[in-house]
Amino acid sequence: MSTQTLSAPAELPGRIGLAQTAQHSLALAGRGVIKFMKSPMQLVDVILTPIISLLMFIYLFGDAMSGGDTHGYLQHVTPGVMVMAVFQASIGIGASLSADASTGIFDRFRSMPIARSSPLIGAVLADIVRYVACLATLVVLALIMGYRVGTNPVASLAAVALLIGFALSFSWISVFLGMLIKNPASVQGLMTILILPLTFASNVFVSDNKMADWLQAWSDVNPVSLVADAVRGLLNGGPVAGSLAGSLAWMAGVIVVFFPLAMRAYRKNAG
Amino acid sequence: MGYAIRAEGLVKKYGDFTALDGVDLEVPAGKVVGVLGPNGAGKTTTVRILATLMRPDAGHASIGGYDIVKDPVRVRQLIGLTGQFASVDETLSGAENLVLIGRLLGLARRDAKARAAELLENFSLTEAARKPIATFSGGMRRRLDLAASLVGRPQVLFLDEPTTGLDPHARQEVWNVVRQLVADGSTVLLTTQYLEEADQLADSITVFDKGRKVAEGRPGELKRRVGGQILQVRPAMAADVPQVAQLLAELSGHSPAQDSGVLTVPADDPLLVAAVARRLDGAGITADELGLRLPSLDEVFLALTGHEPAVADEQPVAV
């Protein structure tokens, strides 16, 4: 075991590099993935919510919204529901991290020579399992209901990558709130309120041109609309460049603002 | 020999509450220092500061020569921490927890697995290796917690109340593990509410109260200051209490303390019990209880500080 004399000062590195940060984050993401595998019930919400959304919007409101063209509406709504579903799946992380950070295991991480950000980055990355489960469910259901992809596999994969990237970047808002607020239920409640205007005041369910002017102005810059447009373009065909650029700008902006905020709150959280 | 842990004038405030009020601490390399004190004495705050989990408001400290504020990454490479609350993942198995920590410390997957297996074996946890922690007993959990702190072979180990809430059997198990570490030459800072625990494990004891150091010394020295063991008598008849009190005062030379029918005096002389028993017998007084025990934390505090601990502890020192 250990020896009586402590190591000479020069032997120990004093900083943690980027490569190590990535390595630590991946190891901790592995912990999250194992946890999902052990209790798959944690995935029930991300599997059931999109199923209910899609069925409801097509069979309940579809006729009224589309004026009879249910297939056309399915083609319009499916990419949008994908955006909404991964967005909803991305907000759970704040509540679970808020609960996790108050346990001893986070104290252990803080006392170890690993990157401070790695427990948070690891948790964010582990949620990819949730996004994949969510999207896989939606794709299968939509195909059964008659949805058809109008482009090629490469574009489809790009759409999936965009959706997961969108969820990963926007989940930092939830992580920030989770580090700021010690009560997990409040975090979940706040996030739910936050995403409502983003998802419903968007072009997910209604085309922009059916909205009032002020609503359309908001919808045009709404990240949910932009990502939905880009995914529609990538899956159904049509213009992609503008909405994709807008989506990526939003994703970068959210990370630039909320990653440092989340890290600051996490450091303070330690007391 | 150098100091593994050195702290000077540590202060930590939470609003108006002063958790630490200028604490100095020195732990020589390879020694075990026990920090003894009631809840709220500042023990956990001290450990959290030294383990780089929080920063002191004033004062400074170093581990192995590295400043805990300026050089936390180096400090973290030297230390292991077992907190008061299980610092392992409940949903993962014992082996998965240890492998994860090994991976985080930069071990290759195969080495992490080997190290995990070695520790599970050392801590008699091999059978439980595949089970989730949630199914572990309290003692097993603490042993796994200790094992998790040792994956990186730390030179300085912090044990924050390692046996609080454990039954006597589990406490004994944890003590055995700590003794083994000590034999291997680790430097250990141990906090505890139990005088007996500090006595069993530590080379020297520091007593904390209300964020201050109130006493320090070798266990034997402190116990002598406290008066060693305590003789405790409970007369069967309440009416006999005054007579027994007089008898105890006469035999021990101390005036006895009395609490709900139980009389206690410091027992400087090991033969006191026999003397008291003979006299009680001679006077025809029956005692429900007569024996020696170690002083409780309250009594240690009373002897060292002249007052009861700031926050009373619900569990007295085990007999």
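Two strands count as paired if DSSP finds at least two bridges between them, while helices (H or I, at least four residues) and strands (E, at least two) are DSSP runs, numbered from the N terminus. With that in place, the bridge partner of Phe208(B) is Lys213(B), which lies in β10(B). Strand β9 of chain B, residues 204-209, pairs with β10(B) in the antiparallel sense over 5 bridges.

This is a predicted model, in which local features need pLDDT of at least 70 and side-chain atom pairs count only at pLDDT 80 or more, whereas totals for chains, interfaces and linings use all residues. Residues are numbered from 1 along each chain as its sequence is written, and chains are lettered from A and ligands numbered from 1 in the order in which they are written.

In chain B, an open sheet of 6 strands with mixed pairing runs in the order β6-β7-β8-β3-β9-β10. Because β6 (79-82) and β10 (212-217) of chain B stand at the edges with a single partner strand each, one side of each is left without a neighbour in the sheet. Neighbouring strands of this sheet are turned by 15 degrees against each other on average, direction ignored, where axes are lines fitted to C-alpha atoms, for helices over the stretch in contact, and angles run from 0 to 180 degrees between N-to-C directions. Helix α6 of chain B, residues 168-183, packs on the sheet and touches β3 (32-36), β7 (156-160) and β8 (187-192) of chain B, contact being defined by C-beta atoms, placed from the backbone, that lie within 7 Å.

Chain A, by its count, has 13 helices and 0 strands.

Key
Contact = placed C-beta atoms within 7 Å.
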